[in-house]
Amino acid sequence: MSAIDTLIFDWDGTLADSVGHIVSVMQRAAAAVGLDVPASDAVRGIIGLSLSEAAARLFPQQPHLHVVVVEAYRDIYLSEDQASVSLFPGVREALDTWREQGFRLAVATGKGRKGLARILEQHDMLDYFDATRCADEAVSKPDPAMLHQLVDMLETSAARSLMVGDSSFDIEMAHNAGMRSVAVSYGAQSRAQLLACSPLHCIDVFAELPLWLRAQRADWRVI
């Protein structure tokens, strides 16, 4: 396998422990516009998609309310302090180490640009990533558009990049882009759901990722 020089991360449920907050906001948004409140598992199942695609999947019988519930979600989300959403243990330290080792770091997220910029600023992480792409700048996952854009921006290739995410949409997006992927089972979807998508590897806590990457580097070769 070719050496990896670029690490691309999903945000919610992968780097940030935000799944519970997203579920709560979507349920409150649905209630605010008169929709049936979706079950927590149903909301967890759409995390990673763009908001418009998530609304279409959660409320297929009420297409006339999709725009309204998306607006309600954004209003609630942006009215709340995102600093209360913590990073998973070891994330900041690992990112620092990977930067020192020369990896390019990127984010491919279902968040909109405004939401991502806000939470990165609140966590003092605006300078941590070499590139970021959001759901309002490309076709929703699992389309590979975000990954194609990122590798172009970073002047690398899919073969030299690794996607890390907590949803089937992340893993399928990586497959669609011809990119290797690592699934994380501590976010939105279960290990069984993720393994069904055939990631290269699956981890149960973030701290396993630096150890796995270190072990893999001995097997990589530069093309």
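Predicted model: local features only at pLDDT ≥ 70, side-chain atom pairs only at ≥ 80, totals over all residues.

Visitor: Is Asp-124 buried or exposed?
Guide: Asp-124 counts as exposed, because its relative accessibility is 60%. For these labels, buried means under 20% relative accessible area, exposed means over 50%, and partly exposed is in between, using a 1.4 Å probe and protein chains only.

Visitor: Okay, back to Asp-124. Where is it?
Guide: Asp-124 sits in the loop between helix H6 (113-122) and strand S3. Its phi is positive, about 55°, although Asp-124 is not a glycine. Helices (H or I, at least four residues) and strands (E, at least two) are DSSP runs, numbered from the N terminus.

Visitor: And Met-125, buried or exposed?
Guide: Met-125 counts as buried, because its relative accessibility is 0%. Met-125 is also in the loop between H6 and S3.

Visitor: What does Met-125 touch?
Guide: Not counting residues up to four places away in sequence, Met-125 touches Trp-11, Leu-87, Arg-92, Leu-95 and Leu-120. Contact here means heavy atoms within 4.5 Å. Arg-92 is 33 residues away from Met-125 along the chain, and their C-alpha atoms are separated by 9.0 Å.

Visitor: Zooming out, how many helices and strands are there?
Guide: The protein has ten helices and six strands. Its radius of gyration is 17 Å, close to the 17 Å from the globule rule for 223 residues, so the protein is as compact as a globular protein of that length. That radius is taken over C-alpha atoms, and the rule is 2.2 Å times the number of residues to the power 0.38.

Visitor: How much of the protein is buried?
Guide: Buried residues make up 56% of the 223 residues.

Visitor: Which residues touch the most others in the largest nonpolar core?
Guide: That core has 59 residues, and Phe-9, Trp-11, Trp-98, Phe-129, Phe-206 and Leu-209 touch the most other members. Helix H1 (residues 19-32) gives the most to this core, with seven residues. A nonpolar core is a set of buried Ala, Val, Leu, Ile, Met, Phe, Trp, Tyr and Cys residues joined through side-chain atoms within 4.5 Å. In soluble globular proteins, nonpolar side chains tend to be buried together.

Visitor: What does Phe-129 contact?
Guide: Leaving aside neighbours within four places in sequence, Phe-129 is in contact with Trp-11, Leu-15, Leu-95, Leu-105, Ala-106, Val-107 and Leu-120.

Visitor: New topic: where is Pro-142?
Guide: Pro-142 is in the loop between strand S3 (131-133) and helix H7 (145-153). A cis peptide bond joins Lys-141 to Pro-142, with omega about 10°.

Visitor: What about Glu-155, buried or exposed?
Guide: Glu-155 counts as exposed, because its relative accessibility is 73%. Glu-155 lies in the loop between H7 and strand S4 (161-165), and has a positive phi of about 55° without being a glycine.

Visitor: Last one: how far apart are Arg-44 and Ala-188?
Guide: Arg-44 and Ala-188 are 144 residues apart in sequence, but 5.2 Å apart in space, C-alpha to C-alpha. Arg-44 lies in helix H2 (residues 40-44) and counts as partly exposed, because its relative accessibility is 27%.

Conventions
Residues numbered from 1 in each chain as written. Heavy atoms only, no water.
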